[in-house]
Amino acid sequence: MVNKIIETVKEAGKIILSAHNQESSITAKEGKKNFVTKYDVAVQEFLFKELSKSFPEAEFIGEEGENDFSTSGLRFIIDPIDGTTNFMQDYRCSCISVALCEANDVIAGVVYNPYTNEIFSAEKGKGAYLNGDKINVSDRPLSDGLALFGTSPYHPENTDETFALLRKVFDLSRDIRRSGSAAYDICMVACGRCEVFFEKGLQPWDIAAGTLIAKEAGGIVSNYDGEEINFSTPNDVVFANPNAYKEFMILL
Ligand code: IPD
Ligand code: CA
Ligand code: CA
């Protein structure tokens, strides 16, 4: 199952790699920071079309377009380009994120960074992989580790809380990083390069695939109240190894 998704996502990555004049390809704009390019739409359309051939019974939820979150059967939750601002400026850190879910349960997840040719994947109960090699979270505590965060850029009402918490995390940790792709950040925790990722107000398509990958790699995933993530609404999220999770929740 996951191999079929990987194959399709790799093909879709070619659309991202062959893009040019990204900044002039903006097709919509919501507020000051949130953009959509023709490539976001093209990647999503390609994925919907190709995946529906292999999974004809599945419904589709994707960032670009109207979505029905009331479906409870087999459904894909897709972010065609996670890191659109990076993509527009050719910063070369953006991912395709594809999750296959049954109700609120992610059963397969793939995150692909076409710039680094890294494919992170997981199938429920079968572990997490980077380009076919098994991955695990680190056991570093946050106090000896790196923390990743998102700025919740489309929700200015979250800015004060995000940066107040960031200050505490910075003081405790070795340092902080901001990649501009939540899906990639989650995978950085899953493969043990970093210890914690946190951000307020993330959408289901930002985190669905990463949630399974992080859990299968031995990570802990929750909202800021320590509860399971809900894939029908936005969530304030933390992804971490078990040691770092405890320290982060105390700061929070
Ligand atoms: C965004 C990225 C970013 C995060 C935002 C997301 P998009 O997704 O993941 O890192 O800070 O909250 O919305 O809009 O580029 O798909
Ligand atoms: Ca996203
Ligand atoms: Ca996106």
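A residue is called buried when its relative accessible area is under 20%, exposed when it is over 50%, and partly exposed in between. In this predicted model, aspartate 105 has a relative accessibility of 34%, so this residue counts as partly exposed.

- Side chains of opposite charge can pair when their charged atoms come close.
- Aspartate 105 and lysine 124 meet through their side chains in a salt bridge, with a distance of 2.8 Å from N to O.
- This pair links distant parts of the chain, since aspartate 105 belongs to strand β6 (residues 105–113), while lysine 124 sits in the loop between β7 (118–123) and β8 (128–130), 19 residues apart.
- Lysine 124 has a relative accessibility of 45% and therefore counts as partly exposed, as does aspartate 105 at 34%.
- Another salt bridge joins lysine 215 to glutamate 228, and here the closest N and O atoms are 3.3 Å apart.
- These two residues also come from distant parts of the chain, with lysine 215 in helix α6 (residues 204–216) and glutamate 228 in the loop between β13 (220–223) and β14 (235–240), 13 residues apart.
- Lysine 215 is partly exposed, because its relative accessible area is 36%, whereas glutamate 228, at 56%, is exposed.

- Lysine 49 and glutamate 50 form a salt bridge through their side chains, with 3.6 Å from N to O.
- Lys49 and Glu50 are also linked with Lys53 in a network of salt bridges.

- On the side of domain 1, 42 residues are in contact with 27 residues of domain 2.
- The size of an interface is often given as the accessible area lost when the parts come together.
- For domain 1 and domain 2 the area buried between them is about 2600 Å², and 64% of it is on carbon and sulfur atoms.
- Between the two domains there are 11 residue pairs in polar contact, counting those with both residues at pLDDT 80 or more.
- Several elements give two or more residues to the side of domain 1 that touches domain 2, namely β3 (59–62), β4 (74–82), α3 (84–88), β5 (95–102), β6, β7 and β8.
- Strand β6 provides the largest share of that side, with seven residues.
- Sorted by class, the side of domain 1 that touches domain 2 has 19 nonpolar, 14 polar and nine charged residues.

**Glutamate 118 and its surroundings**

- One salt bridge is found across the interface of domain 1 and domain 2.
- The side chains of glutamate 118 and arginine 193 meet in a salt bridge, with 2.9 Å from N to O.
- Glutamate 118 lies in strand β7, and glutamate 118 is buried because its relative accessible area is 9%.
- The side chain of glutamate 118 also makes a polar contact of 2.7 Å with that of threonine 116, and another, of 2.6 Å, with the side chain of tyrosine 184.
- When neighbours within four places in sequence are left aside, the residues in contact with glutamate 118 are Val111, Tyr112, Asn113, Leu130, Asn131, Tyr184 and Arg193.

Technical notes. Residues are numbered from 1 along each chain as its sequence is written. Chains are lettered from A and ligands numbered from 1 in the order in which they are written. This is a predicted model: local features need pLDDT of at least 70, side-chain atom pairs count only at pLDDT 80 or more; totals for chains, interfaces and linings use all residues. Side-chain values use heavy atoms; hydrogens and water are left out. A salt bridge is a side-chain nitrogen of Lys or Arg within 4 Å of a carboxyl oxygen of Asp or Glu. Helices (H or I, at least four residues) and strands (E, at least two) are DSSP runs, numbered from the N terminus. Buried means under 20% relative accessible area, exposed over 50%, partly exposed in between (1.4 Å probe, protein chains only). Contact means heavy atoms within 4.5 Å. Buried area is the accessible area (1.4 Å probe) that two parts lose on being put together, summed over both. A polar contact is a pair of N or O atoms within 3.5 Å; within protein, one must be able to donate a hydrogen and the other to accept it, and residues adjacent in sequence count only if both atoms are side-chain atoms. Ala, Val, Leu, Ile, Met, Phe, Trp, Tyr, Cys and Pro count as nonpolar, Asp, Glu, Lys and Arg as charged, and the others, Gly among them, as polar.
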